Every structure is written in C-alpha cells, then in structure tokens.
Amino acid sequence: MSEKILVLGLPRTGTTSFCAATLDLGFPTAHTAYTDKAIKKATVIADAPVFCDYPNLYEQYPTAKFILLHRDFRLWIPSIRQLLLRMHTNVTRSDGGFSPTIKRVYTTVFSPFTIENINSDSFLIDCYQQHSKQVREFCDINKVPLLELDISEEGSEQALVDFLAIKTEPFTFPHVNKAGKVIYWNKIKHPLKVNALEK
C-alpha cells in the first residue's frame, strides 16, 4: 500500500471518480498535488501536475505503478473543450491567473494552447494520443507496471483490484463531475483525502 500509484489520465478521463473510489479502498489520495508534502503524503496521485511530471516523480519513486485512464472521444472531447475554454484566459495571461505549475502543464500537453486549437477535435485527439504514446513508451523503456483503464467499462473495477493486488469488497466507480462541473472533489470529506496544497 506504500508504493506510489500515479494516475496519468488527462483531465476529464475520470480522474475524480477514480480518486473517490481509491479513498474508499483505503488509499491516501490526492486529486492534484502541488506541494512536495502532498506528493509524499499521498499514495494515489492524479491529474495536474502528475499527468505531465511523471518522469520526474518516477525518479523519486522508482517502484511506482502507473495507471493511464481512458475515455471515449465522443464524451471526452466536449468535456475537455469546455474545461480548456474556461481555463484559457488564466492559463495564457501574463499578469497573473493560474499558478506557474498549472500554466506549464497545460501549455505543455495542449500545445499550442490557443482558442483555435481547443476548438479543433483533431487537435485534442492528437494531444490525447500523443500523451498516451509517451506514457506507454516511458513505461516500456523503464519497465514500469502500467494499467490502461476506462472506468466506464465492465470489469474495470476488477482490473484495478488485480493490478494493485488488493483484497476488497465489490465496488463500483462513482460517476461524478457530471455536466461539465469539476467541483465534486472539493466537497469530499474523507480522512484519507490529501490536500493538493499540503504544507
């Protein structure tokens, strides 16, 4: 249970639902982790900046397991587009906005981070596929255990249990952050929830 589990699915691939489940499975979980203390405290770490910074984290935690979440493009594209359009001004502005870490990871994975590109299905699919390719190649080269998972598919829960080699009662991944809302994680009260800005 002490090995790091790095969840590398891009935003809107089910990271919040996944993290809600791992809390109930008994894992200290951070859905986003922006401080060294948050990263150290959590066993499961998802979303930003881990989906971009996993090579550096692997150097710190060479026994980590990787999980690459997937989602049907028909569902992912409108959802990620809505998120990126909302974020665009605060990612690209030079006089404030989001933290440098958030700006860096989004402009790295979704580059060039322009309104025109965000509105292009082919651009978003290319970013998704390139990210998946890079994760697979990294895991292949470094012999990192990798599970690719679509949490909406039948059998995904058992695949996770088998990959992590844990014993648990039957469970299902919750379906949260519906209709484009991304506030569910903030509402969770759980003793194993790790604050992204842990000090």
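Strand β1 (residues 5–7) runs parallel to strand β3 (residues 44–46), and 3 bridges pair the two; strands pair here if DSSP finds at least two bridges between them, and helices (H or I, at least four residues) and strands (E, at least two) are DSSP runs numbered from the N terminus. This is a predicted model, in which local features need pLDDT of at least 70 and side-chain atom pairs count only at pLDDT 80 or more, while totals for chains, interfaces and linings use all residues. Residues are numbered from 1 along each chain as its sequence is written, and side-chain values use heavy atoms, with hydrogens and water left out.

**The sheet**

- An open sheet of 5 strands, with parallel pairing, has the order β2-β3-β1-β4-β5.
- The edges are formed by β2 (29–31) and β5 (146–149), each of which has a single partner strand, so one side of each is left without a neighbour in the sheet.
- On average, and with direction ignored, neighbouring strands of this sheet are turned by 15 degrees against each other; axes are lines fitted to C-alpha atoms, for helices over the stretch in contact, and angles run from 0 to 180 degrees between N-to-C directions.
- Residue F66 takes part on both sides, as the bridge partner of L6 in β4 and with L146 as its own bridge partner in β5.

**Helices across the sheet**

- Helix α3 (residues 50–60) lies across β1, β3 and β4 and runs at about 150 degrees to β1, where contact means heavy atoms within 4.5 Å.
- Helix α8 (residues 156–164) lies across β1, β4 and β5 and runs at about 175 degrees to β5.

**Strand β4 and K65**

- Strand β4 is largely enclosed by the rest of the structure, because 5 of its 5 residues are buried; buried means under 20% relative accessible area, exposed over 50%, and partly exposed in between (1.4 Å probe, protein chains only).
- From β4, K65, I67 and L69 point one way, whereas F66 and L68 point the other way, and all are buried.
- K65, placed in strand β4, has a relative accessible area of 17% and is therefore buried.
- Leaving aside residues up to four places away in sequence, K65 touches E3, K4, I5, L6, P145, F163 and L164.
- K65 meets F163 in two ways: K65 lies over the face of the ring, at 5.4 Å from the ring centre, and the side chain of K65 reaches the backbone oxygen of F163 at 3.1 Å.
- The charged end of K4 likewise sits over a ring, that of Y61, 5.0 Å from its centre; a charge sits over a ring if NZ of Lys or CZ of Arg is within 6 Å of the ring centre and within 35 degrees of the ring normal.

**Aromatic pairs**

- The structure holds 12 aromatic pairs, where rings of Phe, Tyr and Trp (its six-membered ring) pair if their centres lie within 6.5 Å, and planes under 30 degrees apart count as stacked, over 60 as edge-to-face and the rest as tilted.
- The pair of F66 and F138 is stacked, because the ring centres are 5.9 Å apart and the planes lie at 5 degrees.
- Since F66 lies in strand β4 and F138 in helix α7 (residues 121–142), this pair ties together parts that are 72 residues apart in sequence, and both F66 and F138 are buried.
- The pair of W76 and Y128 is edge-to-face, because the ring centres are 4.8 Å apart and the planes lie at 65 degrees.
- With W76 in helix α4 and Y128 in helix α7, the pair ties together parts that are 52 residues apart in sequence; both W76 and Y128 are buried.
- Ring pairs also link Y54, Y58, F66 and F138 into a cluster.

- R71 lies in the loop between β4 (65–69) and α4 (73–92), and R71 is partly exposed, with a relative accessible area of 25%.
- Not counting residues up to four places away in sequence, R71 touches R12, T13, W76, S79, Y128 and D150.
- The side chain of R71 reaches the backbone oxygen of R12 at 2.9 Å, a polar contact being a pair of N or O atoms within 3.5 Å, of which, within protein, one must be able to donate a hydrogen and the other to accept it, and residues adjacent in sequence count only if both atoms are side-chain atoms.
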